[in-house]
Amino acid sequence: MEYLVKSGSPEKQRVGCVVVGVFDRRKLTQQGRALDFAADGLLSSILRRGDLDGKLGDTAVLHNVEELLCDRVLLVGCGKEREFNERAFEKACAAAFRQLYALGGIDAAFYLTEQNVRGRDDFTWQVKSALLTVEDCIYRFDDCRGAGFEAPKHKLTRLVFQVPRRSDLRAAERGVTEGRATAAGIKRAKDLGNTPANICTPIYLAERAEELARSHGKLTSKALDENDMTQLGMGALLGVSRGSRQPARLIIMEYNGGAKNQKPTVLVGKGVTFDSGGISIKPGAAMDEMKYDMGGAASVFGAIEAAAEMDLEQNVVGVIAATENLPDGDAYKPGDILTSMSGQTIEILNTDAEGRLALADALTYVEHNYDPDAVVDMATLTGATLVALGSQAAALYGNNSPLRRALRDAGEAAGDRAWPMPLWEEYQEQLDSNFADMANVGGKLAGSVTAACFLHRFARKLRWAHLDIAGVAWKSGKEKGATGRPVGLLTQYLIDHTHDET
Ligand code: BES
Ligand code: MN
Ligand code: ZN
């Protein structure tokens, strides 16, 4: 899709469709200007006849409206004006776009971006959010369809986001730039998450990192193999990988957009390409969904790609612990004791708590090799997070409150929420072991918290945060698939962090 921004009134648009919003108070709005073209009579008869009542997400199409140069007008219900907040705006955009896709035009002028969104009268946000909503509607994963498959065809190829004044154009352009880059990152994360585990292996991820590095001048990539890991003493990550015939990789991407001496933000991702649970095997129902247990890794890819696409003046490092968790004659077992790269030993009580093991060594690798400004890890770590927060928010933990605050704010701005959870020392004793420095599980209670506490033992020296994304990275049900979260949050964090410094 081609995206443009323009200012100018609807009457003059020679396009397939002009899209305008209608609040349910029966008032057409456009920054307070009445829409001249939609002669009051016409609109009120539409409302009176019940073709549209302004309910959020309702649409109505008008053809050949007099004095207009466009072919059609698409009216979109925006709900109550007082309740037109960020989420309502996105819903209206999605409804408008779906209807546009169903119509035949090749282009449209999108006046919804002229509307006042409560608490967000900023056109960068509005355009970016509209663009991301559109891209989310367009997304499909058809890479694995058979030879006879034909994707549905759509004519729409160009969207113009309208802003009221010429002086708003700059902010809107920025929305397009940031939106396009973020959309590319989100698409990347969705594609990786949706790719099945027989294709998306640790080596596949390492190859995708290589490929991404080749396409961006400021990006490099390398991967450690199992020999390298043995040399470094990564006994925790290697323990998980034993049961799989797919060799593990520790993938490292570096995006150098900032000054040489600028401390990097390090993003660490859980990249378990399939999680069967290992010897502590999971029940069969919905086990297919465990192909997305590399959702953390996918979000690292997405955020780095977005940073590179918008040429962000910032140094960002991505570290991905890529492995597969399977049962096997050689697999690690309950009762085994592993020695992590940090030297701390871990008694395995459940081989299904594998993500924290892989991440522990990745965090130690970061501590030994970088001097980061901040480290944020992303992991589909616990089912308990799903129980606690559902799919509305990622669980947010960390040992530094400004960092937690910044991540939470970024999530709020991006509509990709994370919510703070406690990391109190009192929880740590749940990880006590009779035989090793710690156990890898902390019992039935507070499962999301004890997993975070486990990671914290490997991040004490870092300014660190952890996002448990088990609930947000994937949608179950009929429309199941990867969501691309939390790429929006991470990208917003990186953007905001760049502005803090300059
Ligand atoms: N990958 C899972 C967590 C998960 C579960 C993500 C459901 C998404 C949906 C993780 O490796 C896991 O199995 N965690 C265990 C931990 C337990 C053994 C302490 C869990 O949540 O059951
Ligand atoms: Mn598991
Ligand atoms: Zn897992």
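Start by selecting Leu381: one of its backbone N or O atoms sits 3.4 Å from a nitrogen atom of ligand 1, a polar contact in the sense of a pair of N or O atoms within 3.5 Å. Before you move on, remember that this is a predicted model, where local features need pLDDT of at least 70 and side-chain atom pairs count only at pLDDT 80 or more, while totals for chains, interfaces and linings use all residues. Residues are numbered from 1 along each chain as its sequence is written, and side-chain values use heavy atoms, with hydrogens and water left out.

Now show ligand 1 as a surface: the protein covers 78% of the 520 Å² of accessible area that the ligand has on its own (Shrake-Rupley method, 1.4 Å probe).

Next, pick Lys282, where an N or O atom of the side chain is 2.8 Å from an oxygen atom of ligand 1. Then click Asp352: a polar side-chain atom there also lies 2.8 Å from an oxygen atom of ligand 1.

Last stop: the zinc ion (ligand 3), 3.1 Å from the manganese ion (ligand 2), with Asp275 coordinating both. Is Asp275 buried or exposed? Asp275 is buried, at 3% relative accessible area, whereas Asp352 is partly exposed at 22% (buried is under 20%, exposed over 50%, partly exposed in between; 1.4 Å probe, protein chains only).

Terms used. Chains lettered and ligands numbered in written order. Donors = N, O, S within 2.8 Å, 3.2 Å for Na, K, Ca; no water. Polar contact = N/O pair within 3.5 Å; in protein donor to acceptor, adjacent residues only side chain to side chain.
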